[in-house]
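Please take a moment with the sequence and the 3D view below. We will then walk through them together.

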Amino acid sequence: MSTTRINRGRLAAGLFLYLILGSVSALAAGVSGTVTEAGSVFTIPEVSVTLEGEEVVRDLVSDVDGYFNITDLSPGRYTLKFTAYGYRETTRNFELAQDEELVLDVALVHGLWGFPRLEAPGAAWGTVISRGLFALFGL
């Protein structure tokens, strides 16, 4: 076997590794953080976190301590949307550079109901007060 053939094999293997490792390093950026309740130190567990970018959409849920972590992102502009029952939906826009590890802590504000209000023609909002069976007889 000639040294030319061995050198070509090494060159091909080196080029292959360069391409693989180069593409991995381009996806080395990430964003993480903790979701808390606005005005307090309490974390909010199981918050729905949606990441939207030019070529990516990811959905995940924060852990029991409100922590989320999204890795392997390309440099670019992204939007994070946070939703949790009992809290207003919150959106954050950010930009990631190559190899950047952004820490983005978010505080959610209590919402009136925590979910969008659905209204229909003729619908009424209010408090229902019932005295059980006696309400039928006006007692």
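The paragraphs below go from confidence to strands, and then to charged side chains.

This is a predicted model, in which local features need pLDDT of at least 70, side-chain atom pairs count only at pLDDT 80 or more, and totals for chains, interfaces and linings use all residues. Residues are numbered from 1 along each chain as its sequence is written, and side-chain values use heavy atoms, with hydrogens and water left out.

Let us begin with pLDDT, the predictor's confidence in each residue, from 0 to 100. The chain has an average of 79, and 60% of its residues score at least 70. Helices (H or I, at least four residues) and strands (E, at least two) are DSSP runs, numbered from the N terminus. Among these elements, the lowest mean pLDDT, 53, belongs to helix H1 (residues 3–26), while strand S8 (residues 106–108) has the highest, 97. Residues 20–25 fall below 50, and this stretch has three contacts in the model beyond near neighbours in sequence; contact means heavy atoms within 4.5 Å. Where pLDDT is low, the predicted coordinates should not be read in detail.

Next, find strand S1 (residues 29–37). Eight of its nine residues are buried, meaning under 20% relative accessible area, with exposed being over 50% and partly exposed in between (1.4 Å probe, protein chains only). Which strands pair with S1, if pairing takes at least two DSSP bridges? Strand S4 (residues 67–73) runs antiparallel to S1 and is joined to it by five bridges, with Ser32 opposite Asn69. Strand S7 (residues 101–103) pairs with S1 in the parallel sense over three bridges, and here Gly30 faces Glu101. S8 is also a parallel partner of S1, again over three bridges, with Glu37 opposite Leu108.

Setting aside neighbours within four places in sequence, Glu37 is in contact with Phe42, Ile44, Tyr87, Leu108 and His110.

How many salt bridges does the structure hold? There is one, a salt bridge being a side-chain nitrogen of Lys or Arg within 4 Å of a carboxyl oxygen of Asp or Glu. Arg77 forms it with Glu95, and their closest N and O atoms are 3.4 Å apart. The two residues are 18 apart in the chain, with Arg77 in strand S5 (residues 76–83) and Glu95 in strand S6 (residues 90–96). Arg77 counts as exposed because its relative accessibility is 60%.

Terms used. Two strands pair if DSSP finds at least two bridges between them.
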